[in-house]
Amino acid sequence: MKLSQFKFKLPEAQVALEPPHKTFENEDGTVEKIYRRDECRLMVLHRKSQTIEMFQKDENGNETEEPLLFRDIINYFDDGDAIVLNDTKVFPARLFGTKEKTDAKIEVFLLRELNPEFRLWDVLVEPARKIRIGNKLFFDEDGPMVAEVIDNTTSRGRTLRFLYDCPREEFKRELFALGSAPVPRYIADKRPVTADDMENFQTIYAKHEGAVTAPSSGLHFSRELMKRLEIRGINFSYITVHCGLGCFDPIEVEDLTKHKMSSEQIKVTAEACDIVNKAKAEGHRVCAVGVSTIRATESAVGTDGMLKEFDGWTNRFIFPPYEFGFADTMIANFYHPESTMMMATAAFGGYELVYEAYEKAVANGYMFGCYGDAMLILDD
C-alpha cells in the first residue's frame with residue numbers, strides 16, 4: 001500500500017491533551033481534576049460482518065443515544081478468554097538543561113542506558129545544532145548533575161556521559177527526579193507537562209522499566225475494570241515491549257515496503273505463553289492490547305500458531321495486507337494520519353473497515369492520540 005492511503009484531515013481540537021476527566025472547583029477557587037481512565041469512548045469493529053458499533057443498547061437490543069465507553073469491553077469477552085498486555089514501565093525521559101558558557105536551554109530526551117558503569121546514555125537533544133562533542137550540559141541549575149557529549153549518533157542523537165559519582169540506583173533516582181513524563185510532542189507543545197502526566201502516562205500494571213513512550217492502548221484499563229474482567233474469568237498474559245520513539249518517526253517514502261522501523265526490545269516469558277496458548281487451544285478469544293503488543297506477538301508466534309518464548313528485539317513493520325498468526329482480537333487507539341500505528345490497526349481490522357471507522361470517528365467528535373478514545377476489533 002501507499003502512504004497517501006492513510007491520509008485524512010484530523011481537526012486539531014480532536015487531539016486529546018488529557019485523559020477523560022471530570023473537573024471540580026473547590027471553595028477556595030482552585031480546580032481539581034478527577035481522571036477516569038475507562039470512560040473514554042469505545043468503537044467496536046466486527047471485521048467479518050463489516051459492521052461498526054458506537055452506541056450502547058437497551059434491554060431489547062436496540063441502540064440508544066449513549067455512546068459505548070471503554071469499560072463496556074467487558075460485554076465482549078467471556079470466561080476463558082485471554083488479554084495480552086504490555087507491562088513496560090515509562091520513565092521520566094524528558095529533561096531540560098543548559099549548555100556551558102552560553103546558558104542556552106537544551107531539551108535532553110533520554111532513550112536508553114548504554115553503559116551503567118560509565119553512566120553512558122543514548123539521547124536526543126533539541127536544538128541539536130547547538131550541541132557538539134565536548135560540550136557540557138548542566139541540569140538543575142547549580143545541582144551536581146552534569147553531562148558531557150562524547151559522540152554524535154544521528155542528526156539529533158548524542159551519547160552523553162553523566163559526571164555523577166555515586167551508586168547506580170542513587171544516580172538513576174537523582175536523574176529521574178529531574179525529568180518529566182515523556183508525553184508525545186503533540187501534547188507537550190500545547191500545554192505544560194504536569195506531575196499528573198507521570199501517573200496518567202503509565203498503565204496501572206506497568207512493571208518493567210524501559211519505555212520512553214506509553215503503550216497507549218493500555219492506558220484505558222482501570223483497576224476496577226481489571227478486577228471485573230478477572231471476576232468474569234478473563235485471563236491476563238503480560239509481555240514486555242519497551243516502546244521507543246520509532247512509532248512516531250515520520251514515514252518519508254510513498255511505497256511502504258521501503259520504510260524501516262526502529263527496533264524495540266521485547267520479552268515473552270514461558271508463563272505468558274502458557275496463558276494465551278491454553279486459551280487459543282481451547283477456542284477462546286485472544287486479544288492483543290495495542291500495536292506494541294501485536295508487533296511482539298507476531299514476532300514471537302511459531303509456525304503452529306502458538307506463542308513462543310522470546311527475548312530480543314523486533315523491527316517488524318505491520319501494514320496492509322498482512323496475515324496475522326496469533327491474536328484474533330485487538331484493542332487500539334485512534335492514531336494520527338499516516339502513522340505506523342494506524343497502519344497496523346488497518347492491517348488487523350481490514351483497511352476499508354478501519355478507514356470507515358476513522359471517518360466516523362472524525363465526524364462524531366472522537367478524540368485521537370494516546371489520551372484519546374479506543375477501538376475494539378473483533379473477529380466476527
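How many residues lie between strand 10 and strand 11 in the hairpin that they form? The hairpin has four residues between the two strands, and R119 in the turn has a positive phi of about 60°. Strands and helices are DSSP runs, numbered from the N terminus (strands E, at least two residues; helices H or I, at least four). The model is a predicted one, in which local features need pLDDT of at least 70 and side-chain atom pairs count only at pLDDT 80 or more, while totals for chains, interfaces and linings use all residues. Residues are numbered from 1 along each chain as its sequence is written, and side-chain values use heavy atoms, with hydrogens and water left out.

The protein chain contains eight helices and 21 strands. Its C-alpha atoms fill a box of roughly 70 × 60 × 45 Å along the principal axes. The radius of gyration, taken over C-alpha atoms, is compared with a globule rule of 2.2 Å times the number of residues to the power 0.38. Because a compact globule of 380 residues would have a value near 21 Å, the 22 Å of the protein chain agrees with that rule. Buried residues (under 20% relative accessible area, against over 50% for exposed and in between for partly exposed; 1.4 Å probe, protein chains only) make up 52% of the 380 residues. Of the contacts (heavy atoms within 4.5 Å) with a separation of 6 or more, 69% are accounted for by residues 24 or more positions apart.

Strand 11 (residues 120–126) pairs with two strands, where pairing requires that DSSP finds at least two bridges. Seven bridges join strand 11 to strand 10 (residues 105–115), and the two run antiparallel; N115 stands opposite L120 of strand 11. Strand 14 (residues 157–162) is also antiparallel to strand 11, through five bridges, and L160 in strand 14 is the bridge partner of W121. Six of the seven residues of strand 11 are buried, so the strand is largely enclosed by the rest of the structure.

Pockets and cavities were located on a 1 Å grid over the protein atoms alone: a cavity is a set of points where a 1.4 Å probe fits but cannot get out, a pocket is an open set with protein on both sides within 12 Å along at least five of seven lines, and lining residues have an atom within 4 Å of a point. Grid points are joined across faces, edges and corners, and a volume is the space filled by probe spheres set on the points. The largest pocket holds about 1,200 Å³ of space. Its lining comprises 39 residues, and L111, L124, V212, G244 and L245 lie nearest its centre. Two or more lining residues come from each of strand 10, strand 11, strand 15 (208–211) and strand 17 (264–268); the largest share, six residues, is that of strand 11. By class (nonpolar: Ala, Val, Leu, Ile, Met, Phe, Trp, Tyr, Cys and Pro; charged: Asp, Glu, Lys and Arg; polar: the others, Gly among them), this lining has 16 nonpolar, eleven polar and twelve charged residues.

The second largest pocket contains about 480 Å³ of space. Among the 31 residues that line this pocket, C247, F248, Y335, S339 and M341 are the closest to its centre. Helix 6 and helix 7 are the elements that give two or more residues to this lining, and the largest share, three residues, comes from helix 6. The lining divides into 18 nonpolar, nine polar and four charged residues.

Helix 7 (residues 340–349) is mostly covered, with ten of its ten residues buried. The elements covering these residues include helix 6 (291–300), strand 20 (329–333), helix 8 (351–363) and strand 21 (374–378). G350, with a positive phi near 95°, follows helix 7.

Two cavities of 30 Å³ or more were found in the whole structure. The largest cavity has a volume of about 70 Å³ and is lined by P19, P20, R37, N200, L219, H220, C370, Y371 and G372. Five of these lining residues are nonpolar, three polar and one charged. The second largest cavity, of about 30 Å³, is lined by M261, V291, R295, R316, F317, I318, T340 and A344. Helix 6 and helix 7 each supply at least two residues of this lining, which has five nonpolar, one polar and two charged residues.
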